[in-house]
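Here is a friendly walk through a protein model, written for someone who likes to know what touches what. Keep the sequence and the 3D view at hand as you read.

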Amino acid sequence: MKFYLTVFGIAVAATMALTGCGKQLDSEGYFILHGQASWNGEPIKDGLIVFRTTESGKRNVAASINGGEFDVKIQPGKKTVEITAMREVPGKYALGASGEKIPAREPFIPKQFNTETELSADITFPEMTELNFDLKGS
């Protein structure tokens, strides 16, 4: 009998985990979504991802991309997505706030992924647990 109760308990726990039971939206309807972002197969080291809502009553949200990963507190729904990132320009320097030389940086993600984005996502809860963007370009 104890064996059957243990098996039943494991089956219930597995079913809850697979169906997303146990996850809840917070009081404002948000949940934490994890994701990854890469450029030509390489993780974006230092960037920003913005989710702009296309539905009334919902808010735009943003998160930092560090080491190719992000976690964003977001509401379910349809979004446009903008990804930006900067990188150092080898051999070029700029002046810092106190006049020191600092490595120059430039944006490298093309505008079809940010200012003129073609990216979108339909964020669902509790089905969606991860959202990945593998951007490609020259």
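Predicted model: local features only at pLDDT ≥ 70, side-chain atom pairs only at ≥ 80, totals over all residues.

Residues are numbered from 1 along each chain as its sequence is written, and side-chain values use heavy atoms, with hydrogens and water left out.

## The chain as a whole

Along the sequence they come in the order α-β-β-β-β-β-β-β-β-β. Helices (H or I, at least four residues) and strands (E, at least two) are DSSP runs, numbered from the N terminus.

Of the 138 residues in the protein chain, 32% are buried. Buried here means under 20% relative accessible area, exposed means over 50%, and partly exposed is in between (1.4 Å probe, protein chains only). The chain exposes about 9100 Å², and carbon and sulfur atoms supply 56% of that area; accessible areas come from the Shrake-Rupley method with a 1.4 Å probe, and for residues only the protein chains shown count as cover. Contact means heavy atoms within 4.5 Å. Among contacts in the chain with a separation of 6 or more, 61% are accounted for by residues 24 or more positions apart.

## Strand β1 and its partners

Which strands does β1 join? Strand β1 (residues 31-39) and strand β5 (residues 69-74) run antiparallel and are joined by six bridges; strand β9 (residues 130-135) runs parallel to β1, also with six bridges. Two strands pair if DSSP finds at least two bridges between them. To find these pairings in the view, look for G35, whose bridge partner in β5 is F70, and for H34, whose bridge partner in β9 is E130.

Strand β2 (residues 42-43) is antiparallel to β1, with two bridges between them. W39 stands opposite E42 of β2. The two strands form a hairpin with two residues between them, and N40 in the turn has a positive phi of about 50°.

## The nonpolar core

A nonpolar core is a set of buried Ala, Val, Leu, Ile, Met, Phe, Trp, Tyr and Cys residues joined through side-chain atoms within 4.5 Å. The largest one has 27 residues, of which I49, F51, I83, I123 and F133 touch the most other members. Two or more residues each come from β1, β3 (46-53), β4 (61-66), β5, β6 (77-95), β8 (119-123) and β9. The largest share, four residues, is given by β1.

Take I123 as a way in: beyond residues up to four places away in sequence, its contacts include F31, L33, F51, I74, M128 and L131.

## Aromatic pairs

Rings of Phe, Tyr and Trp (its six-membered ring) pair if their centres lie within 6.5 Å; planes under 30 degrees apart count as stacked, over 60 as edge-to-face and the rest as tilted. The count comes to four aromatic pairs. W39 and F108 have ring centres 6.5 Å apart and planes at 65°, so this pair is edge-to-face. Because W39 lies in strand β1 and F108 in the loop between β7 (101-107) and β8, the pair ties together parts that are 69 residues apart in sequence. W39 is buried at 10% relative accessibility, and F108 is buried at 17%.

In a second example, the rings of F51 and F70 have centres 6.2 Å apart and planes at 50°, so the pair is tilted. F51 lies in β3 and F70 in β5, so parts 19 residues apart in sequence are tied together. Both F51 and F70 are buried. Finally, W39, F108 and F113 form one aromatic cluster.

K73 is in strand β5 and, at 46% relative accessibility, counts as partly exposed. Its side chain makes a polar contact of 3.3 Å with the side chain of D26. A polar contact is a pair of N or O atoms within 3.5 Å; within protein, one must be able to donate a hydrogen and the other to accept it, and residues adjacent in sequence count only if both atoms are side-chain atoms. K73 and D26 are 47 residues apart along the chain, with their C-alpha atoms separated by 9.8 Å.

Is E82 buried or exposed? E82, in strand β6, counts as buried at 17% relative accessibility. The side chains of E82 and R52 make a polar contact of 2.7 Å. Leaving out residues up to four places away in sequence, E82 also touches residues including L48, I49, V50 and F113.
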